[in-house]
Amino acid sequence: MNFIDILINLWESTGIYASTNWQNYVMIAVSLVLFYLAIARKFEPLLLLPIAFGMLIVNIPGGYEILYADGSDGTAGGLLYYLYFGVDKVIFPPLIFLGIGAMTDFGPLIANPKSLLLGAAAQLGIFVTFFGAVALGFRGAAAAAIAIIGGADGPTAIWLTQQLGQSDLLPIIAIAAYSYMALIPIIQPPIMKLLTTKKERSIRMKQLREVSKREKIIFPIVVTLLVGLILPSALPLVGCLMLGNLLKESTVTDRLAKTASNELINIVTILLGIVVGSKAVGTTFLQPTTLLIIGLGLFAFVIGTMGGVLMAKLMNVIWKGQINPLIGSAGVSAVPMAARVSSKEGQKEVPDNYLLMHAMGPNVAGVIGSAVAAGLLLAVFGG
């Protein structure tokens with residue numbers, strides 16, 4: 001083989017030579033936008049950065065074929081081919097919930113059980129969007145998978161989508177869910193301001209009572225029992241969430257709680273983000289259906305935020321001005337970002353009005369609510 005042949009072979013082995021699809025380059029551009037949001041704007045960087053990187057590497061021409069090689073030709077399979085089993089077999093999402101549970105303080109919810117109503121009301125976006133998706137021609141299981149985007153919980157969206165057998169929709173649904181979670185500081189404030197008055201946004205709430213250690217230990221056990229007895233299909237998510245919380249609150253498993261809330265959730269987040277992003281291949285991702293699902297996901301977020309705020313306004317009337325309606329928007333389960341947005345909007349009206357702990361109640365209630373909603377949809381459409 002002469003020198004010219006060597007150069008030709010090298011050229012033909014490059015991704016540039018293999019590239020024939022403009023869609024791949026569009027997705028590379030999208031990944032760069034996600035890098036910007038994650039790094040420069042700090043929008044959920046722990047999630048968006050791995051997703052963006054996964055999207056980048058599989059859209060480099062030839063990248064998908066190498067990373068997702070199944071080893072059928074006798075060679076070793078690609079790295080992402082094996083890592084994707086964590087999503088395909090629905091292993092990663094419950095592990096994420098285990099870590100979230102170990103990081104979460106349910107004290108504000110226990111101190112103010114009324115917060116459960118706000119977490120439930122914020123799930124309105126899921127069910128309204130489900131009927132909207134059905135009206136637009138999606139079948140039941142697909143409509144349910146799309147609707148769960150409104151739960152503002154990426155792991156839940158991935159878990160339900162896979163359990164319902166809608167793996168072809170997974171890249172769109174997962175990226176939409178995580179992207180909208182990251183954009184909550186942009187999406188929610190205009191809705192909150194539109195639905196509330198200055199007087200309502202200025203309401204000061206009473207300090208929450210101190211929750212005993214016994215209550216915090218009993219809570220995850222009771223929730224697991226109740227959810228398991230009423231809706232067993234939600235146990236993989238709710239059970240792992242409550243196990244993680246029990247590891248934290250029991251004080252006798254500190255090593256396990258620290259592992260779950262640090263090393264475990266960090267490792268799984270990296271792997272989950274990369275493999276989810278790596279499924280956003282330009283040739284399959286850039287379809288009219290993608291734009292429709294992204295639009296329905298935004299609609300779900302808007303309706304969910306509205307449901308939480310309007311329920312808080314109603315509760316404020318019932319309990320005679322004791323509830324700031326801004327905390328209702330935290331009923332979506334993007335913890336703790338949604339609670340921070342509620343607090344920040346309150347401080348724009350009254351700088352020393354700190355709503356964060358009050359907003360954490362509906363926020364963690366939203367985590368439970370979205371998992372229960374996913375379990376309900378699975379029970380109905382999983383057959």
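# Notebook: pocket, rings and fold

I began with the largest pocket, where helix α19 gives the largest share of the lining, 6 residues. My working terms: helices (H or I, at least four residues) and strands (E, at least two) are DSSP runs, numbered from the N terminus. A pocket, on a 1 Å grid over the protein atoms alone, is an open set of points where a 1.4 Å probe fits, with protein on both sides within 12 Å along at least five of seven lines, and lining residues have an atom within 4 Å of a point.

A note on the model before going on: it is predicted, so I kept local features to pLDDT of at least 70 and side-chain atom pairs to pLDDT 80 or more, while totals for chains, interfaces and linings use all residues. Residues are numbered from 1 along each chain as its sequence is written, and side-chain values use heavy atoms, with hydrogens and water left out.

**Pocket, continued.** I noted a volume of about 820 Å³ for the largest pocket (the space filled by probe spheres set on the points, which are joined across faces, edges and corners). Its lining has 33 residues, and I100, M103, I265, V335 and P336 lie nearest the centre. Elements giving two or more residues to this lining include α4 (45–59), α8 (92–103), α13 (154–163) and α22 (337–349). By class I found 22 nonpolar, 6 polar and 5 charged lining residues (nonpolar: Ala, Val, Leu, Ile, Met, Phe, Trp, Tyr, Cys and Pro; charged: Asp, Glu, Lys and Arg; polar: the others, Gly among them).

**Helix α13.** I looked at its burial next (buried is under 20% relative accessible area, exposed over 50%, partly exposed in between, with a 1.4 Å probe and protein chains only). In α13, 9 of the 10 residues are buried, among them W159 and Q162. Just after α13, I saw that G165 has a positive phi of about 75°.

**Aromatic pairs.** Rings of Phe, Tyr and Trp (its six-membered ring) pair if their centres lie within 6.5 Å; planes under 30 degrees apart are stacked, over 60 edge-to-face, and the rest tilted. I get 8 aromatic pairs by this rule. Y64 and Y68 are stacked, because their ring centres are 4.7 Å apart with planes at 25°. Y64 is partly exposed at 30%, whereas Y68 is buried at 11%. The pair F130 and F381 is tilted, with centres 5.2 Å apart and planes at 45°. F130 is in α11 (residues 124–135) and F381 in α23 (residues 356–381), so this pair ties together parts 251 residues apart in sequence. I also noted one aromatic cluster formed by Y64, Y68 and Y84.

**Charges over rings.** My cut-off: NZ of Lys or CZ of Arg within 6 Å of the ring centre and within 35 degrees of the ring normal. The charged end of K279 sits over the ring of Y68, 4.4 Å from its centre. K114 lies over the face of W319, 5.1 Å from the ring centre.

**Loop residue T104.** I found T104 in the loop between α8 and α9 (107–111), where T104 is buried at 7% relative accessibility. Its C-alpha atom is separated by 6.6 Å from that of N245, 141 residues apart along the chain.

**Whole protein.** I count 23 helices and 0 strands. The radius of gyration is 22 Å, close to the 21 Å from the globule rule for 383 residues, so the protein is as compact as a globular protein of that length (taken over C-alpha atoms; the rule is 2.2 Å times the number of residues to the power 0.38). Of the 383 residues, 54% count as buried.
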